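Dear colleague,

I am handing over the structure we spoke about, and I would be grateful if you could look through it alongside the notes that follow.

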Amino acid sequence: MNEKVLHTLEYNKILDQLTEYAFSADAKSRCQKLRPITDRAQIEQLQQQTSDALSRLFKYGSLSFSGVTDIRDSLKRLEIGGALSAIELLRVCSLLESAKRAKAFARSQEDNVQPDDSLTSLFAGIEPLTPLCDEIRRCILSEDEIADDASSTLHSIRRSMRGMNDKIRAQMNSMINNTTTRSYLQDTVITMRDGRYCLPVKAEAKSLVPGMIHDQSSTGSTLFIEPMAVVNLNNEYKELQLREQEEIEVILAGLSNLTASYATQLLADYELLTELDFIFARAAFAQTYNGVAPLFNDDGRIHIRKGRHPLLDPKKVVPIDVRLGEDFRLLIVTGPNTGGKTVSLKTVGLLTLMGQSGLHIPASERSELGIFDEVFADIGDEQSIEQSLSTFSSHMVNIIRILEQVNDRSLVLFDELCAGTDPTEGAALAISILSKLHLYGARIMATTHYSELKVYALSTPGVENACCEFDVATLSPTYRLLIGIPGKSNAFAISEKLGLPSDLITDAKGRISKSEGDFEDLIADLEKSRSTIEREQLEINQYKAEIESLKEKLEQKQERLDSSRDKILREANEQAYNILKEAKDVADETIRNFNKYGKAGAPVSEMEKERTKLRGKMDKAAQKMSEQKKASVPNHNVPKKLRIGDSVKVISMNLKGTVHSLPNAKGDLYVQMGILRSLVNINDLILLEEDAAPGTKKFQKTSAGKIKMSKSASVSTEINLIGKTTDEAIPLLDKYLDDAYLAHLPSVRIVHGKGTGALRNAVQAHLKRLKYVKSFHLGEFGEGDAGVTIAEFKD
């Protein structure tokens, strides 16, 4: 793939963003060197790895490769028998700790029955080498510090050094505390020079403090003298330091030898972790723009569904659908400036490069890409001052280069083909270039303003028009790419909206030839028809969705009916079988008895008993059938005269109640059943207590009177809801209001307190929903103010 097109389509910016998600230097380098490939098997392998890593990220979270450092130079040094420094050993340890994290990450997925994928073998090949890692961490505390317990010899040496250090300091402190010696000192401190303990002595008193001079201050006024009293002690301390350094080198050599024995696995761990770092960087990058793995083909077909340019703001970018290479191999995109033509062009090219590099593309599922050996692009201003080339000339140089290299496995992208010259000549030249490329079998996508190219697309097989939609009403592009319809420049409409005098626009329209005007009108009609068809198609889809929903519900209902029918038939067959079986048993017994009693001398009384027994069974069965029929079809006398307050039973509801209103002409009346007031027909009623004396008082006879008396005696005119939450208070209030209304209380007092007002608002909202509440208002002065609501019931 030529580097020029990578720069033109801003592929390098994609790589810069990808690099930010890699941890190791080697993985970052691989991100920067990532290039599109043409082998389909390799492309699909890279895409599968990216998909598997993305799936793991979604299910189990991120995986850090921060400790992966390049140890290959250190391993080469070990091969020739060299020893590693503490820093190099710590890098080895850091690599192994990263390997341990990666192994634990993979193991946690195995516990969740994670099926094998393309990354399973990579994770399986990692060996954390825990003993080596633990040994390095035990011996080396930091880049500059070896642990005392690294070896018993080092522990002994350092213990001796601490003892010697205490002796030297005690000796020198005694000198500092001496009044005479202190007067010779520039400062009463102990310093170190060349690893030896010294005192800062005044220059004029150097002869008074016997010892070895190791250094002097920049002004020469202070000499750093090692007193003779501690020279031997300093010598011994220096020897201990040398022994310490020798022992540290022995420890590092031992760790290096141990590391060398794992050199092969360490190299494998580094390569595997770097590979996984590179793969998970691609997955993490895809996660940021919601990328998907495209489908690939060798036929040069492109079908991008809801594609988005990855470098644009995902909140503002408008997805586009692009088809190329199946019904047509050349797509000519027209439309006004700033309508999104160039973005559509770059989106197709950039997504093709990303897909062939193993990167997911920002599009919808089932998007399809062809595999191209070369992608050519002539986009942007190619003017070159150094080469004395105009814009047109520089574009033409690029086009000539494309014509020399293009073949049937090429994708060619042109932005404003042959612009910057005479429109008539430019259009003719553009048609010739596109025809030549079309003849080669390349897949081409070109943007233009030339009307001649629109006609060329309409009249040439394998060539299709497309446009970037523009809303003239708002003077703004919608950025939607519409395939199959040529676009308009909309220059007249835009100019008129912006305030250009109408006489100028009329004059300009008159200067357009009739054929060109008719063509533009045809495009406008096509655009209007397309909008109408899209709107009608949307309505049709909605109707289809509703029909499918109704069809599904009907099928479910039919299934339930079929299931019920099968169950009823099965039960009926079982009952019929039992009846027939019982009849057969009776018949068999009758035949046996007939044979038995048919013999000579059989008593007639015995035969009569058997007949009576059989007749009893038949009567019992008939009685059960009669009872079932009575239960299923109740037989009752319809009440003739009803009075308000009469006790009745509603047969269909199996509830008792009292008559609340007299029947109308149709026989419908209201019946009060507890808190339920329902409209029923008189044929559905049974009058209760009909034998009661006509003169009996209503409150003694009817349940309504009983309810009124009991409720009036027990229901308070006030309910206190203070201290309760809204969810607790509303059910209590609802039951209280029902009881109060049945008790015929004219009004009630609801105490809810002031507080935040939440309970008051909930109470008043509930009162609004109750039909039997006539009105309500907050309490006045002396009634509780805003902490109380007074509710009045309807008569």
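C93 is buried, since its relative accessible area is 0%. Please keep in mind throughout that this is a predicted model, and that what I describe is computed from its atoms. Which cysteine sulfur is nearest to that of C93, and how far away is it? The nearest one belongs to C133, at 3.3 Å, and because a disulfide requires two cysteine sulfur atoms within 2.5 Å, C93 is in no disulfide. By this rule the count of disulfides comes to zero. C31 likewise counts as buried, because its relative accessibility is 0%, and C31 comes up again below as part of a contact between helices.

**Helices α3 and α12**

Helix α3, which covers residues 25-32, packs against helix α12, which covers residues 263-288, at an angle of about 50° and with the two axes 9 Å apart. With that angle, α3 and α12 are therefore oblique to each other, and the crossing in which α3 passes α12 is right-handed. On the side of α3 the contact is made by D26, A27, R30 and C31, while α12 contributes Y270, T274, E275, D277, F278 and A281. Sorted by class, the residues in this contact of α3 with α12 are five nonpolar, one polar and four charged.

**Around L655**

Is L655 buried, partly exposed or exposed? With a relative accessible area of 37%, L655 counts as partly exposed, because that class lies between the limits of 20% and 50%. If residues up to four places away in sequence are left out of the count, L655 touches V648, K649, V650 and M673. As for G674, it lies 19 residues from L655 in sequence, and the C-alpha to C-alpha distance between L655 and G674 is 9.4 Å.

**The protein as a whole**

For the overall picture, the protein has 24 helices and 25 strands, and of its 795 residues 39% are buried. Taking the contacts in the protein with a separation of 6 or more, 66% of them are accounted for by residues 24 or more positions apart.

How values were computed:
Residues numbered from 1 in each chain as written. Predicted model: local features only at pLDDT ≥ 70, side-chain atom pairs only at ≥ 80, totals over all residues. Heavy atoms only, no water. Axes fitted to C-alpha atoms, helices over the stretch in contact; angles between N-to-C directions. Helix = DSSP H or I, 4+ residues; strand = E, 2+ residues; numbered from the N terminus. Parallel < 35°, antiparallel > 145°, perpendicular 65-115°, else oblique. Left-handed = near helix turned anticlockwise from the far one by under 90°. Contact = heavy atoms within 4.5 Å. Nonpolar A, V, L, I, M, F, W, Y, C, P; charged D, E, K, R; others polar. Buried < 20%, exposed > 50% of the residue type's maximum accessible area, 1.4 Å probe, protein only.
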